[in-house]
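I opened this structure to look up a few things. My notes follow.

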Amino acid sequence: MGALQKSLKTRHITMISIGGVIGTGLFVGTGKNILSTGPAAVVSYTIACLLIVLIMQMVGEMASGEIVLGKKSGGSAELGSFASYAGKYIGPWAGFTVGWLYWASWVFIVGLEAALIGGMLHNWFPMIPTWAGSVGITLLMTIINIYSVKSFGEFEYWLSFVKVTAIVVFLVVGLAMILGIWPNYEPKGLGILTEFGGFAPNGIVPILTGIVFVIFSICGAEVAAIAAAESENPAKNIVRAIRNVVFRLGLFFVGSVAIMILIIPWNDSKILAAPYANILTMAGLPIAAQLIQIVIFISLISVLNSALYTSSRMLLEMSRQGDAPKIFSQIKNRRGAPVPAILGSTVVAYICAMLYFISPEVIFYFLGNCVGGLMIAVYIFIAISQIRFRRYYDKVSDEPLAIRMWLFPYLSYVTIGILTVVYLCQALIESLRSQFYLSTLVLIGSVVLFMIMRKLSTRSAEQIEEKLASE
């Protein structure tokens, strides 16, 4: 079967944890959220970021606790995934559901990012067909992931470094503009938050809508927890990755939105179409628009790279748990890369990308509308797993956890409650109603599929026993 190699270094995990959430949702989607919500968009981002921080704290607690329990039992002290935690502490059906929903979401993201990259390349170089750019960049990322996890880590390190540098420059310049210390710019003051119809000009509903969009934009923080399992010191790096989440989410997302609403009127659709580039242009940096386009392109590649890595590792673990074909459990090269799982995820991602060109308004729209809701459902499962894990851990071990969920169990229940309300609110919001129905349908379908497969497996085992008995 083989084993994954511990070749990721601490700096890889640190940068993956910092850059993992910085995707096109931050650069492109932020302006749209402000247009629909007003200055109150900062509330949507704050709530969504807090929810992700709490989920990461839960994942970190379970990961650190499983290492302790593994050592106490004399077994493996390896980090598992939240799919394995759901299977262990809720039930096999939950592990199956979480694993496949999470895998499907990330495979779709690979296809989506590939399609967007192909489009950008075609705009820059019209002689390159969109499909060729999509296929080419996905093939390159597949080769990098197959070669070794270290090559993935090194590549993602530098992509994340570029993204982080761009955001830091934006935050520094934007803050200087707001404080009035940037030359040739007159700050507008706090009055800009209310003088164009109020702080929440469109009411409370867009704030709730915004939470769903933001969660989809920033999903990926948990990638660092998965990558930590292949690092030099998993126990240490999982703690470091989780602690980095709080700082980076608050700084990059909430900080960016706060700067935007203090510089740009919330109803200025022209400037908010590309807020990062336009604010830097307002600051007198004329090449900002071109540089931000390059950063967006790099972000697309980074997200595709991380999505392919994450989906392959989830497929690997699902296979080893018996919830996916056994061939995906194999490690096929000496550098410890799960080649079958990577290729399997890549093939499905190619199919998703093809659907973008074949049926963008029907099939691809259907898939895209599922992802946001499914991510929220996965986070609810994680929270339930954490509550059950913690109660079990407190019974069998008195060793302190390296990461503990705050105010347990109250904050865990509050997290589940808020996530459930946000999920159900999709049904009340016209623009998200189809997402609610589609994601719910997929969620129920995965549970039903598990039940059918379990029944068939049980029947097959009984038939074999009967045959052996008759002989």
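I looked up Trp124 and found 37% relative accessibility, so Trp124 counts as partly exposed. I use buried for under 20% relative accessible area, exposed for over 50% and partly exposed in between (1.4 Å probe, protein chains only).

The model is predicted: local features need pLDDT of at least 70, side-chain atom pairs count only at pLDDT 80 or more, and totals for chains, interfaces and linings use all residues. Residues are numbered from 1 along each chain as its sequence is written, and side-chain values use heavy atoms, with hydrogens and water left out.

Trp124 lies in helix H6 (residues 92–124). Helices are DSSP runs (H or I, at least four residues), numbered from the N terminus. I checked the burial of H6: 24 of its 33 residues are buried, so H6 is largely enclosed by the rest of the structure.

**Helix H7**

Which residues of H7 are buried? I noted Gly133, Ser134, Ile137, Thr138, Met141, Thr142, Ile144 and Asn145. Seen down the axis, they fall within an arc of 165°, so they line one face of H7. The arc is that of the directions from the helix axis to the C-beta atoms. An α-helix has 3.6 residues a turn, so residues three or four places apart point the same way.

The face turned away from the buried side carries the exposed residues Trp131 and Ile143. What covers the buried residues includes H6, H8 (149–179), H14 (288–320) and H15 (339–358).

Ser412 is found in H17 (residues 410–425). Its relative accessible area is 0%, so Ser412 is buried. I left aside neighbours within four places in sequence and found Ser412 in contact (heavy atoms within 4.5 Å) with Met58, Gln386, Ile387 and Met405.

The loop between H16 (363–396) and H17 holds Pro409. A cis peptide bond joins Phe408 and Pro409, with omega about 0°. Leu407 lies in the loop between H16 and H17, and its phi is near 50°, a positive value in a residue other than glycine. Most residues other than glycine have a negative phi, and most peptide bonds are trans. I read 64% relative accessibility for Leu407, so Leu407 counts as exposed.

Terms used:
Helices (H or I, at least four residues) and strands (E, at least two) are DSSP runs, numbered from the N terminus.
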